[in-house]
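Trainee: Could we go through this one together? I'd like to see how the labels follow from the values.

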Amino acid sequence: MSSVLYEVKGPVAVLTVNRPEALNALNTSVISDLAQAVAQAQSDENVYVLVITGSGKAFVAGADISQMKDFSPAEAKAFADYANGVFLGIENMSKPVIAAVNGYALGGGCELAMACDIRIAGTKAKFGQPEVGLGITPGFGGTQRLPRIVGSSKAKEMIFTAQTINAEEALRIGLVSKVVPDDLLMSTALDMANVIANNAQVAVRQSKEAINKGMQCDIITGLAYEAQAFALCFSTEDQSDAMTAFVNKTKVEKFKNK
Ligand code: COA
């Protein structure tokens, strides 16, 4: 699994796309390694949060242009379907995923970051969907997730102009939730991951599912999902322990996550 490094630090797994000689460009083999590492994080019951980052000066500089250059339409469709399946797997995994964007997040890289739940950028990070400058549309979710995150006007501006934006602009438009100095990026992402890991995981995961489902439907249906998630939490020991502790003016030190 050399094109993706996978390391577990306590309750947090860190997945590093590791093809720095090509700025971590996503070819079929990198996407397959990514899928394996994500599956490992999902199945390891001791991992509560996943952080995704890149080696070297890029997060991911896009899908691999050398691989795509001679694609037929059918091959392009298969490539997009494959990557979309993997990115949907990230978006829908039960555990929270933080993108620690350390550099170029272009094309498939911006799309990978957008499949994550939370995006934190280092000051050197750059975001963009340069595809129309290469004669193609975004293919790994850019036309769908970018407008949902930043609104259709800004998404269309970014996609139609193919221009890159810096981390501050990404923060201003809500594409990332935090910008930190580059040397503090990983520690900030890990700190945030550990804060999340210290909360009740059933509740964290139910919240993620309710938000994701609610973003795709009308508010009445979304509120019904939320009520279901809320109710389910009342079957957990964590809810009972935490609320009992609160009324007794104490605190749960460590959730049982059940
Ligand atoms: N696909 C394949 N290879 C890529 C790549 C991609 N998306 N992005 C970068 N690389 C490769 C370069 O071809 C180069 O390989 P080489 O050393 O064998 O020539 C290597 O990564 C380093 O990239 P380089 O362009 O020399 O770095 P730079 O610092 O001058 O420029 C970028 C950085 C990100 C501005 C530039 O690499 C770039 O524009 N990449 C393509 C971005 C893109 O359009 N992505 C969307 C694809 S749909």
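Trainee: Is the crossing of H5 and H6 left-handed or right-handed?

Mentor: The crossing of H5 and H6 is right-handed. In such a crossing the near helix is turned clockwise from the far one by less than a right angle, and anticlockwise makes a crossing left-handed. Before we go on: this is a predicted model, where local features need pLDDT of at least 70, side-chain atom pairs count only at pLDDT 80 or more, and totals for chains, interfaces and linings use all residues. Residues are numbered from 1 along each chain as its sequence is written, and side-chain values use heavy atoms, with hydrogens and water left out.

Trainee: What makes H5 oblique to H6?

Mentor: The axes of H5 and helix H6 (residues 152–161) come within 7 Å and cross at roughly 135°. That makes H5 oblique to H6. Angles under 35 degrees count as roughly parallel, over 145 as roughly antiparallel, 65 to 115 as roughly perpendicular and the rest as oblique. Axes here are lines fitted to C-alpha atoms, for helices over the stretch in contact, and angles run from 0 to 180 degrees between N-to-C directions.

Trainee: And why are H4 and H5 called oblique to each other?

Mentor: Helix H4 (residues 108–115) and helix H5 (residues 142–150) pack at about 55°, their axes 10 Å apart. H4 and H5 are therefore oblique to each other. Their crossing is left-handed.

Trainee: What makes H1 roughly parallel to H3?

Mentor: Helix H1 (residues 28–43) and helix H3 (residues 73–92) have axes that come within 10 Å and cross at roughly 25°. That makes H1 roughly parallel to H3. H1 passes H3 in a left-handed crossing.

Trainee: How many residues in the shell around the ligand are nonpolar?

Mentor: The shell has 11 nonpolar, one polar and four charged residues. Ala, Val, Leu, Ile, Met, Phe, Trp, Tyr, Cys and Pro count as nonpolar, Asp, Glu, Lys and Arg as charged, and the others, Gly among them, as polar.

Conventions
Helices (H or I, at least four residues) and strands (E, at least two) are DSSP runs, numbered from the N terminus.
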